[in-house]
Amino acid sequence: MIEWINVLVQGVLLGGLYALFAAGLSLIFGVMRLVNIAHGDLIILAAYLGLSTTIMFGVHPFAAALLVLPVMAIIGYVLQRGILNQTLGPDILPPLLVTFGLSVIIQNALLEGYSADPQKLSAGAIETASVNVGSLTIGILPLLTFAIAVAVIAGLQWMFYSTALGRGFRAVSDNQDIAQLMGLNKAHVFGLAMALALAVTGIAGILLGIRTSFDPSIGGGRLIFGFEAVIIGGLGNIWGTLAGGVILGVAQTIGAKIDPGWQVLAGHIAFLVVLAIRPNGLFPRVQH
Amino acid sequence: MSDPILSLSKLNAYYGDFQALYGVDMDIHAGEVVAIIGANGAGKSTLMRSISGLMSNASDQVRFKGEAIGSLRADEVAYRGLALVPEGRQLFPSLSVEENLMLGGKVGRAGPWSLDTVFELFPVLQERRKQASTSLSGGQQQMVAIGRALMANPEVILFDEISLGLAPVIIKTIYDALPGIIGGGMTALVVEQDISKALEVSSRVFCLQEGRVSLAGATHDVTRDQITAAYFGVVA
Amino acid sequence: MRSPAVYRATRASRIAMVVAALGLIVLAAAPWWAGRADLRLMGEVFLYLSLACLWNLMAGYAGLVSVGQQAFVGFGGYMLFALTIFGGLPPIAAILIGGLLAALLSIPIASLIFRLKGAYFAIGTWVVAEVFRLTFAQIASLGGGSGTSLPVGIVRSLADGRSAREALSYWLALGAAIVVVSAVYLFLRSRRGLALTAIRDSEVAASGLGIDIWRTKLEVYVVTSAFTAIIGGLIFLQKLRISPDAAFSVNDWTAFVIFIVVIGGIGTLEGPIIGTLLFFLLRETLADFGTIYLMVLGVVAIVVMLKAPKGVWGLIRDRYDLELFPLSYRIKLNDPKDP
Amino acid sequence: MSALLSVSGLKKSFGAVKVADDSSFEIARGDAVGILGPNGAGKTSLFNLITGALKPDAGQITFDGADITSTPAAKRCKMGIARSFQVPQPFGGMTVYENALVGAMQGAGLSGHAAENHALQVLTDTGLLAKANQRAGSLTLLDRKRLEMARALSAQPKLLLLDEIAGGLTEAECTSLIDTIRAVHATGTTIIWIEHVVHALLAIVDRLIVIDFGKKIAEGSPKTIMDSPEVKEIYLGVDPDV
């Protein structure tokens with residue numbers, strides 16, 4: 001019994017990481033209807049940036065985030081205004097193909113720069129620290145990851161609904177032409193949205209790098225986890241994204257409990273089951 | 001006469017291969033209220049899109065206070081003091097009434113219009129400020145759309161078919177509010193398919209037919225027959 | 001005045017047909033004039049050409065932008081191994097049955113992922129491919145995660161001697177490409193093909209004119225899946241070794257295929273052919289640069305998509321009004337009057 | 001004799017906006033009916049409901065004796081309902097002739113030479129033959145509107161729905177359009193026509209239906225309707241006293 005509760009708790013906490021993968025994806029889809037195939041590779045890029053920063057300056061990965069986040073944000077803004085804005089439109093192929101191209105470029109650039117050897121961010125004692133709750137042992141790092149995920153999502157929710165920036169995001173998402181009439185330059189607004197999304201991706205990348213080892217080829221898998229969390233939770237609902245991440249995480253830990261080879265597969269199957277019974281996700285945004 | 005505040009010279013507009021406007025010339029002076037009428041497809045909305053920057057044209061075909069703005073983006077035009085109340089209201093559904101209005105004020109131009117003065121003009125909006133804009137009636141939505149454009153404190157305001165899809169009694173309410181808006185010296189272009197309403201508020205009228213100006217003159221000079229001829233292209 | 005006549009073949013298409021026929025004779029004789037490495041390379045070219053044609057039919061015409069075709073490439077490959085090793089079937093029969101099984105399997109998959117729209121459909125297909133990969137990695141008798149080789153006995157059963165096997169493998173690839181290109185061409189030329197082209201241009205108008213969009217897309221998806229699996233079988237018949245990562249590689253079987261189609265010209269039959277030739281030209285030229293070559297490929301794909309979204313063939317066609325595959329209906333006006 | 005199309009209690013709304021509000025009417029075989037109403041009154045939505053592009057919230061549609069309320073759009077076309085789109089939706093990558101051929105093959109269910117000849121005939125009738133080889137995407141707006149009608153006719157409909165096809169035509173073009181529609185009507189095709197160019201409409205139809213806010217507010221002979229002061233006010237916005 002306690003074993004299964006443990007599985008459940010681990011799954012929920014793992015879901016926090018997946019929600020972080022998903023949050024950026026969800027944000028840019030919400031604002032500009034863009035699905036970024038390179039999203040997973042950008043997470044891995046952030047992990048490598050974190051790695052280089054820790055090595056170069058000899059700092060803790062959390063301190064490295066102070067550099068990685070703004071760099072990722074700048075990459076996002078430049079990418080959006082330089083390339084991705086030109087792909088937006090009714091046709092889905094240009095953004096898909098261009099981000100696919102980016103994915104191949106990022107993967108191979110990382111391969112060229114860092115080789116295919118697995119790497120890991122070393123965060124010291126926190127990696128193994130844990131607290132006991134009753135007879136459960138909960139790792140501090142997963143707990144912290146989950147808390148960060150909740151904070152990030154709460155922050156995004158607040159930004160979206162209570163700030164001028166968020167108002168601009170919603171307006172551009174509703175009607176680009178009319179938003180432009182109100183003095184919003186959509187190219188800039190999209191750039192800001194991508195900057196914010198990649199800053200979140202930066203957080204996700206560093207936490208991923210501390211938690212597990214990574215290599216240039218694993219971006220695609222992270223994209224899929226994020227995507228599954230978004231769809232399970234329901235498009236356009238940012239708290240739903242957290243719920244989606246948690247469901248995915250729990251499905252994976254249950255799968256792993258049955259057979260270690262089943263971890264990822266169980267997550268995919270959970271996703272397909274949700275798709276079969278609730279094609280709009282579990283918590284779709286209510287239409288007014 | 002002083003220089004026009006808004007001036008169109010030989011304005012051509014295209015959608016791909018299709019030419020929607022053919023060499024439209026128009027001078028609008030500060031403080032004027034000008035009506036633009038014409039049948040469906042005559043090019044009225046294209047004209048509004050061209051002036052407001054939603055459609056890009058040759059730079060010097062549209063001039064605002066002497067500056068060539070024909071090729072500027074809509075947001076750049078908005079900052080210069082030109083606002084559009086779009087056809088069909090087009091409020092932002094994810095924004096509340098108040099947020100819609102606040103976004104209108106984003107360009108931050110100084111002037112008489114603020115949340116308070118807009119609520120004074122349309123008191124019903126104050127009661128509903130926190131509501132989703134989609135929960136309002138058509139007439140109330142139109143008030144938000146007008147208020148949103150006013151919040152920019154524009155020098156020239158364009159009204160595109162503001163009576164569209166509204167019941168006659170509501171249209172009357174909206175038009176009754178117009179003098180309070182443009183009485184303050186604001187320049188206005190009123191596009192309407194409700195011809196009599198347009199003529200009522202305007203001092204000059206342009207009629208468009210198939211992308212060309214088919215009639216132009218002072219409102220009190222043009223006759224109903226002239227309008228019918230210019231509007232339909234045939235004498236009824 | 002005689003009534004106007006409808007015709008389809010043009011001078012360019014007739015010339016292209018003759019050139020293609022001559023070219024095919026030369027290609028069919030390749031085992032007698034080409035070296036072993038060239039033969040292998042050409043076989044690979046034909047298999048990529050087939051994959052590109054199939055993906056183009058799905059994405060360029062039916063609007064089903066899948067990034068998960070590796071699911072069926074890998075499935076076809078694994079069926080070759082499973083049906084020959086455990087079923088004792090001859091390899092070619094195993095490949096064909098693999099295609100049939102893929103068609104059956106694609107129906108329930110379609111009923112699930114057709115619920116996703118646009119780019120989400122694309123990633124949904126990728127999830128399915130991952131499910132395939134992880135599932136086959138669980139099958140211990142096929143080598144699990146590390147994969148397995150085709151037993152020597154089965155390889156020998158193909159033909160006597162290595163050069164005969166390599167010639168056979170080449171001919172199978174050439175034959176597959178001919179079958180796929182012809183099948184796609186004949187399909188697009190038929191009334192169903194016309195309906196599919198209409199869907200490509202406007203779904204709302206197509207459904208208003210009596211075209212069942214869902215069914216048409218399903219048919220395309222099922223047929224494409226079957227052929228893709230058969231090509232997958234042939235790919236791994238050439239390789240003689242299979243593993244989950246190689247069989248279900250998104251880069252090898254989907255990303256490159258998409259790049260080929262987009263660079264060549266999506267939504268045309270000529271595009272994938274030109275794209276395949278350019279892809280291999282680029283690959284052979286930059287082969288020594290390793291990962292740089294892949295980055296260049298990514299950049300080329302992005303630049304083409306942004307600057308010339310109709311691809312190389314789109315540029316040529318717009319400029320010269322050329323059509324090598326006579327799909328269009330043209331009207332010969334006998335009495336051209338001024339409108 | 002039973003009606004070809006019968007609509008009863010049809011309701012459809014998008015949020016607070018009602019595009020069909022308890023609409024009921026019947027169209028007899030061989031009728032030519034005009035629909036009037038201001039922009040945004042729900043005219044095009046009515047066509048979307050009849051053709052199956054929209055699902056009604058309530059109400060019933062019967063066509064040719066069969067309940068088609070939940071029949072998919074494609075099937076309705078095969079049963080004999082074809083429409084033109086107000087905003088033209090050409091198959092832009094195909095030629096003008098191929099556009100018509102799609103209707104002939106799919107909608108009318110013809111094949112081979114029968115389909116090819118029918119498509120040619122339709123292009124001849126609608127004056128598009130000279131542009132048969134042109135890509136539909138490169139047509140001017142006027143030709144796109146012609147193509148809309150040609151494509152609808154190519155499906156050999158029993159009921160033809162025309163959505164604002166006369167707007168922006170010159171007088172001569174309008175006359176030839178009227179002739180074409182009259183010829184189609186003469187072959188027994190039932191027509192419902194939404195049109196702002198009233199004089200074109202009046203040349204064809206023998207009955208008018210006026211809608212506003214999704215509600216049918218008047219129905220009758222063109223003369224009664226056009227003389228009705230309330231219609232003048234609602235539709236033209238012109239004060240009847242002027």
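Chain C meets chain A through 38 residues of chain C and 41 residues of chain A, where contact means heavy atoms within 4.5 Å. This is a predicted model, in which local features need pLDDT of at least 70 and side-chain atom pairs count only at pLDDT 80 or more, while totals for chains, interfaces and linings use all residues. Residues are numbered from 1 along each chain as its sequence is written, chains are lettered from A in the order in which they are written, and side-chain values use heavy atoms, without hydrogens and water.

**Chain C and chain A**
- About 3600 Å² is buried between chain C and chain A, 83% of it from carbon and sulfur atoms; buried area is the accessible area (1.4 Å probe) that two parts lose on being put together, summed over both.
- Y120(C), I123(C) and I302(C) supply 18% of the area that chain C buries against chain A, more than any other three residues.
- There are 0 salt bridges between chain C and chain A, a salt bridge being a side-chain nitrogen of Lys or Arg within 4 Å of a carboxyl oxygen of Asp or Glu.

**Chain D and chain C**
- The contact takes 33 residues from chain D and 26 residues from chain C.
- The area buried between chain D and chain C is about 2500 Å², with 66% given by carbon and sulfur atoms.

**Helix α8 of chain A**
- Of the 26 residues of α8(A), 20 are buried, so this helix is largely enclosed by the rest of the structure; buried means under 20% relative accessible area (1.4 Å probe, protein chains only).

Note on methods. Buried means under 20% relative accessible area, exposed over 50%, partly exposed in between (1.4 Å probe, protein chains only). Helices (H or I, at least four residues) and strands (E, at least two) are DSSP runs, numbered from the N terminus.
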